[in-house]
Amino acid sequence: MVKYQKVVIDRETCIGCGACVATCPYQALDIGKDGKSFLIWEKCKDVFDCIAVCPVGAISKTSETAEELKQKEWFSFDKKLSEEEMKEFEEWRNKFKIKSEPKNFR
Ligand code: SF4
């Protein structure tokens, strides 16, 4: 079952200020080597504080994100997902119609 909807990051809009990284209680966001934020998928637990602190409005709830933005690359895995997590990942992709794959931004 999909527990969390998670967030989408518009990496073209992100200015790399780090506010979202500093505010997330689960360390679910980090800055990639290109200087822009990305989501660590398995760590996001729908706190959504990152949305409020982003000065350029680059973060949104997955359920409220424009379809084309959801298909870009913005998330990563920090570990090998367990079987259960992988199942949830596939359910999450289907539920929110996400075609993009996890990418290593580090
Ligand atoms: S708060 Fe917004 S602009 Fe700043 S790093 Fe996070 S996504 Fe980028």
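Predicted model: local features only at pLDDT ≥ 70, side-chain atom pairs only at ≥ 80, totals over all residues.

Biologist: Is K87 buried or exposed?

Modeller: A residue counts as exposed when its relative accessible area is over 50%. For K87 the relative accessible area is 55%, so K87 is exposed.

Biologist: What distance separates the C-alpha atoms of K87 and V2?

Modeller: Along the chain, K87 and V2 are 85 residues apart.

Biologist: In what order do the elements of the protein chain run?

Modeller: The protein chain holds 4 helices and 5 strands. Read from the N terminus, their order is β-α-β-β-α-β-α-β-α.

Biologist: Of the contacts with a separation of 6 or more, what percentage joins residues 24 or more positions apart?

Modeller: Buried residues make up 42% of the 106 residues in the protein chain. As for the contacts with a separation of 6 or more, the share from residues 24 or more positions apart is 72%.

Biologist: Is I98 buried or exposed?

Modeller: I98 is found in the segment after α4 (83-95). Leaving aside residues up to four places away in sequence, I98 touches T62, K70, Q71, W74, F75, W92 and R93. Buried means under 20% relative accessible area. The value for I98 is 5%, so I98 counts as buried.

Biologist: What kind of aromatic pair do W74 and F75 form?

Modeller: A search of the whole structure finds 10 aromatic pairs. In the pair of W74 and F75, the centres are 4.8 Å apart and the planes stand at 75°. Planes over 60 degrees apart count as edge-to-face, and the pair of W74 and F75 is accordingly edge-to-face.

Biologist: How many residues apart in sequence are the parts that the pair of W74 and W92 ties together?

Modeller: W74 and W92 form a tilted pair, with 6.2 Å centre to centre and 55° between the planes. W74 lies in the loop between α3 (67-70) and β5 (75-76), whereas W92 lies in helix α4, so the parts tied together are 18 residues apart.

Biologist: Which residues do ring pairs link into a cluster?

Modeller: W74 and F75 are both buried, and W92 is buried as well. The cluster linked by ring pairs consists of W41, W74, F75, F77, F89 and W92.

Biologist: What phi does K97 have?

Modeller: Most residues other than glycine have a negative phi. K97 lies in the segment after α4 and is exposed, with a relative accessible area of 53%. Although K97 is not a glycine, its phi is positive, at about 55°.

Biologist: Which residues around the ligand come nearest?

Modeller: By class, the shell around the ligand has 10 nonpolar, 3 polar and no charged residues. Of the 13 residues around the ligand, those that come nearest are C14, C17, G18, C20 and C54.

Technical notes:
Residues numbered from 1 in each chain as written. Heavy atoms only, no water. Near = heavy atom within 4 Å. Nonpolar A, V, L, I, M, F, W, Y, C, P; charged D, E, K, R; others polar. Helix = DSSP H or I, 4+ residues; strand = E, 2+ residues; numbered from the N terminus. Buried < 20%, exposed > 50% of the residue type's maximum accessible area, 1.4 Å probe, protein only. Contact = heavy atoms within 4.5 Å. Phe/Tyr/Trp six-rings, centres within 6.5 Å; stacked < 30°, edge-to-face > 60°.
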